[in-house]
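This report covers surface features and charge pairs. The sequence and model come next.

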Amino acid sequence: SVGPDADRRRALVETCGRHGVELKASKFVEDEIDATLTGTEILGRRGRAAAPRKNVSQLMLLSLYLLMRPYLYKRFGHQLISSWLWPLLHRREAMAILHHTFDDVGRLPEKVPGKMGDGMCGEPLGLLVMGPLLRTNLRAPVSGKIWGSDAEGAGGCAIGSTELPVEVAEE
């Protein structure tokens, strides 16, 4: 092909070649809406990045297995957490989900299976439920309008709303 894209591609190949890096033809993806490059899925025309669906699905199944058998070896706990790190790095705001799990795995005995703590049950369940959401932007714009309602025993009710400053709503 010719034009600016071909020129950029040639320049990239030349630059990499000068540094001893050979680029394979399979690493060039053109005219695709979705593609997987260096272990990351590039989604849509806007180029959003996410962990590959296959990896997230496998980790969701592993987390479900873990919840069904609440005893595990410390080494397996570390491996499971480590496996989640790559998908979570694509949505860094989701890293906080495993907060207690990190602590609980560290307290497991070394050579024998240990029982998972409450954090280790709830947080993998959170990842199991939120797995598909790791493909979306968790920092999407929020509305500053908050609604509230109240009802009383005699059949009356009240509904109200208020606007919050954007900074407060986003927090």
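Does Val-21 count as buried, partly exposed or exposed, and what is its relative accessibility? Val-21 counts as partly exposed, at 44% relative accessibility. Buried means under 20% relative accessible area, exposed over 50%, and partly exposed in between (1.4 Å probe, protein chains only).

This is a predicted model: local features need pLDDT of at least 70, side-chain atom pairs count only at pLDDT 80 or more, and totals for chains, interfaces and linings use all residues. Residues are numbered from 1 along each chain as its sequence is written, and side-chain values use heavy atoms, leaving out hydrogens and water.

**Nonpolar patch**

Val-21 lies in the loop between helix H1 (4-18) and strand E1 (35-37). Helices (H or I, at least four residues) and strands (E, at least two) are DSSP runs, numbered from the N terminus. Together with Leu-12, Val-13 and Leu-23, Val-21 forms a nonpolar surface patch of about 290 Å² accessible area. Patch residues have over 30% relative accessible area and no salt bridge; nonpolar side chains (Val, Leu, Ile, Met, Phe, Trp, Tyr) are joined within 5 Å, like charges within 9 Å. Areas come from the Shrake-Rupley method with a 1.4 Å probe; for residues, only the protein chains shown count as cover.

**Salt bridges**

The whole structure holds two salt bridges. The criterion is a side-chain nitrogen of Lys or Arg within 4 Å of a carboxyl oxygen of Asp or Glu.

| Pair | Closest N and O atoms |
|---|---|
| Glu-110 and Lys-74 | 2.8 Å |
| Arg-107 and Asp-104 | 2.7 Å |

Glu-110 and Lys-74 are 36 residues apart and link distant parts of the chain. Glu-110 is exposed at 57%; Lys-74 is buried at 11%. Arg-107 is exposed at 61%; Asp-104 is buried at 14%.
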